[in-house]
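Here's a quick briefing to read alongside the model. Have the sequence and the 3D view open as you go.

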Amino acid sequence: MVAADGRSTWSLGSMPAYSETWRRFRLGTRLGVVAALLALPLIVLGALALDSPQWAPIGMLVLVVGGALSIVWVALYWRQLAFRCPRCGQYFFYGKLIVGKPFPARSCVNCGLRLFDEA
Ligand SMILES: [Zn+2]
């Protein structure tokens, strides 16, 4: 949550201001890594199984699951690239001229908040 002056208004009792935002960011990163690590082997196994008439139906299913996981990975990657800084509310990795630090930058290109720092 970001107020009109750009400061975060997020509060959950005694939790530090940005904990929930960082938790969601970490979750997106981890899910993306898992999707990427599963997608490639499934696509390779599915493609190999298509060569055998006996395994072709299962190979097609494995290929579809691998393809779906690669779509999930790309979607999560784009979501992470569009991550908004919890302090300034701007894109964390991109400035106003769409020039940013290489992903994954360790600090906000707009306000300098370091990744996973609190307040
Ligand atoms: Zn910022």
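What share of the contacts in the protein chain with a separation of 6 or more comes from residues 24 or more positions apart? Those residues account for 41% of them, where a contact means two C-beta atoms, placed from the backbone, within 7 Å. Keep in mind that this is a predicted model: local features need pLDDT of at least 70, side-chain atom pairs count only at pLDDT 80 or more, and totals for chains, interfaces and linings use all residues. Residues are numbered from 1 along each chain as its sequence is written.

**Overall make-up**
- The protein chain has 2 helices and 0 strands; helices (H or I, at least four residues) and strands (E, at least two) are DSSP runs, numbered from the N terminus.
- Of the 119 residues in the protein chain, 13% are buried.
- For burial, count the other C-beta atoms within 10 Å of a residue's own, with C-beta atoms placed from the backbone: 20 or more is buried, 12 or fewer is exposed, and in between is partly exposed.

**Helix α1**
- α1 runs over residues 19-49, so to speak a 31-residue helix, and reaches 45 Å from its first C-alpha to its last.
- That is close to the 45 Å expected at 1.5 Å a residue, the expected span being 1.5 Å times one less than the number of residues.
- Phe25, Ala39, Leu42 and Gly46 are the buried residues to look at in α1, and their cover includes α2 (56-81).
- Leucine 31 is also found in α1, but it counts as partly exposed because it has 15 C-beta neighbours inside 10 Å.
- Leucine 31 and tyrosine 77 sit 46 residues apart along the chain, with 9.8 Å between their C-alpha atoms.

**Helix α2**
- α2 has 26 residues and reaches 37 Å from first C-alpha to last, close to the 38 Å expected at 1.5 Å a residue.
- Val62, Leu63, Trp73 and Leu76 are buried in α2, and the buried residues of this helix pack against α1.

**How the two helices meet**
- The axes of α1 and α2 come within 7 Å and cross at roughly 155°; axes are lines fitted to C-alpha atoms, for helices over the stretch in contact, and angles run from 0 to 180 degrees between N-to-C directions.
- α1 and α2 are therefore roughly antiparallel to each other, a label for angles over 145 degrees.
- By class, the contact of α1 with α2 has 21 nonpolar, 9 polar and 1 charged residues; Ala, Val, Leu, Ile, Met, Phe, Trp, Tyr, Cys and Pro count as nonpolar, Asp, Glu, Lys and Arg as charged, and the others, Gly among them, as polar.

**After α2**
- Proline 86 is found in the segment after α2, and it is buried because 25 other C-beta atoms lie within 10 Å.
- Proline 86 and alanine 17 are 69 residues apart in sequence, yet 8.6 Å apart in space, C-alpha to C-alpha.
- Phenylalanine 116 is found in the segment after α2 too, and is partly exposed, with 13 other C-beta atoms within 10 Å.
- Phenylalanine 116 has a positive phi of about 70° although it is not a glycine.
- Most residues other than glycine have a negative phi.

Conventions. Angles under 35 degrees count as roughly parallel, over 145 as roughly antiparallel, 65 to 115 as roughly perpendicular and the rest as oblique.
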